[in-house]
Amino acid sequence: MEDFLSRCRQAVQADAAEAGPGFHVVLGNEACDVDSMVSALAYAYFLFKTVQSEMLALPVLNICQSEFVLRSDSVFLLRQTGLSADLLLFRDQLDLLHLQRAGRLRLTLVDHNVLPSADAGLEGAVVEVIDHHLLEREPSSSCPVTVETVGSCATLVTERIVQKAPDILDQQLAQLLYATILLDCVNMAPAAGKVTPKDSQYVAVLEERFPALPQRGALFAALQAAKFDVSGLSTEQMLLKDMKTVSGELSLAVSVLYCTLEEFLQRAELEAELQSFCQRSGLDFLLLMTISFSDDQEPLRQLAVFSQSSTCRLEATRWPPARSSSPSSRTSCGSRGRMVATETRRSPGCPPPP
């Protein structure tokens, strides 16, 4: 894997003259979580090993390089498997739209099946989709689509490798895929509602072929500890750590915060920082969803909204999630900048604490 990633970086650096055939980019979603990262790395490697093409397959992480430090679980997994983050390619290191306009781009989507509106200009380059979310893409004879509602996109990538090119699997690649499926499927616990028979099937395949893989529980606990470690992060970094955006009549973002809402609301100058963040990001509406755990380790989620628009804030109070069974969980904060509406509830699909 290291040699492949080094070759990818060298090819991008050598492409300044724009004289080559271009690239076949494998791109995960904008959240760039562990599943998106590993699915892009593994499937690009699979294409490199199995497809004869003048276009080199490149795994590209769909975030700026400066944001990768926020993906603490991804950083941890790379370190654990002996891969340097310096070998990775990020979205701000390759101009995909320029490649597309020059006819030098093929694009495979993993862990999502439609491009965001900001990337609409890349649609003509999409040649394949592998995803585990709800299918939103229109059918096309020129773009094969594999979409199954399994727990992890890495499960579908593992299936493709095992069926088509099992010899390319080694301990390092197997551990990347194995760790990702465990993380997405909450350590394969049926009670979490994530794992499917196919996820279990390919975890078992990897365990059988690579008996030296780390023990399930220990690996999952280590990944969870890394994911929930937000120590030292600024407010902006916490918002960006796990954020997805939606554009329509309103520009909306959903940020997952790995702490209690009470802890987040106590951050210094919070209202000013949220206002500045929304202005810089062009957001009309910011939905915050916290994940934390009670004293008896019951998983809890809390919701909060921030908007400079009084209309948006009023609408948010009418949502079903804003109606809480606990009177104290609805909070008004700030005299004119925002209103925060929250709900605390048990969340059986939320992973257990590390």
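Predicted model: local features only at pLDDT ≥ 70, side-chain atom pairs only at ≥ 80, totals over all residues.
## Helix α1

Helix α1 runs over residues 2-13 and has 12 residues. From its first C-alpha to its last it reaches 17 Å, close to the 16 Å expected at 1.5 Å a residue. Its buried residues are F4, L5, C8, R9 and V12. Seen down the axis of α1, these buried residues fall within an arc of 135°, so they line one face of the helix. An α-helix has 3.6 residues a turn, so residues three or four places apart point the same way.

On the other side of α1, the exposed residues are D3, Q10 and Q13. The cover over the buried residues of α1 includes strand β1 (23-27), helix α2 (34-50) and strand β2 (56-60).

## Nonpolar cores

The largest nonpolar core has 78 residues. Those that touch the most other members are V25, L58, L94, L107, I161, L173 and L177. Helix α2 supplies the largest share of this core, with 11 residues. Another core, of 26 residues, lies apart from it and has L261, F264, L274 and F277 among its members.

L94 can be followed through its contacts. With neighbours within four places in sequence left aside, L94 is in contact with V12, F23, V25, L58, V60 and L99.

## Helix α7

Helix α7 spans residues 197-209, 13 residues in total. Its reach from first C-alpha to last is 19 Å, close to the 18 Å expected at 1.5 Å a residue. Buried in α7 are K198, D199, Y202, V203 and L206. These residues cover an arc of only 135° around the axis, which puts them on the same side of α7.

P197 and E208 are exposed on the other side of α7. Among the elements that cover the buried residues of α7 are α5 (153-164), α6 (171-184) and α8 (216-227).

## Strands β8 and β9

Strand β8 (residues 285-293) pairs with β9 in the antiparallel sense, over 8 bridges. Within this pairing, M289 stands opposite L303 in β9.

Strand β9 covers residues 299-306 and is mostly covered, with 7 of its 8 residues buried. In a regular strand the side chains alternate between the two faces of the sheet.

Note on methods:
Residues numbered from 1 in each chain as written. Heavy atoms only, no water. Buried < 20%, exposed > 50% of the residue type's maximum accessible area, 1.4 Å probe, protein only. Helix = DSSP H or I, 4+ residues; strand = E, 2+ residues; numbered from the N terminus. Pairing = 2+ DSSP bridges. Expected span 1.5 Å × (residues − 1). Arc of directions from axis to C-beta. Contact = heavy atoms within 4.5 Å. Core = buried A, V, L, I, M, F, W, Y, C linked by side-chain atoms within 4.5 Å.
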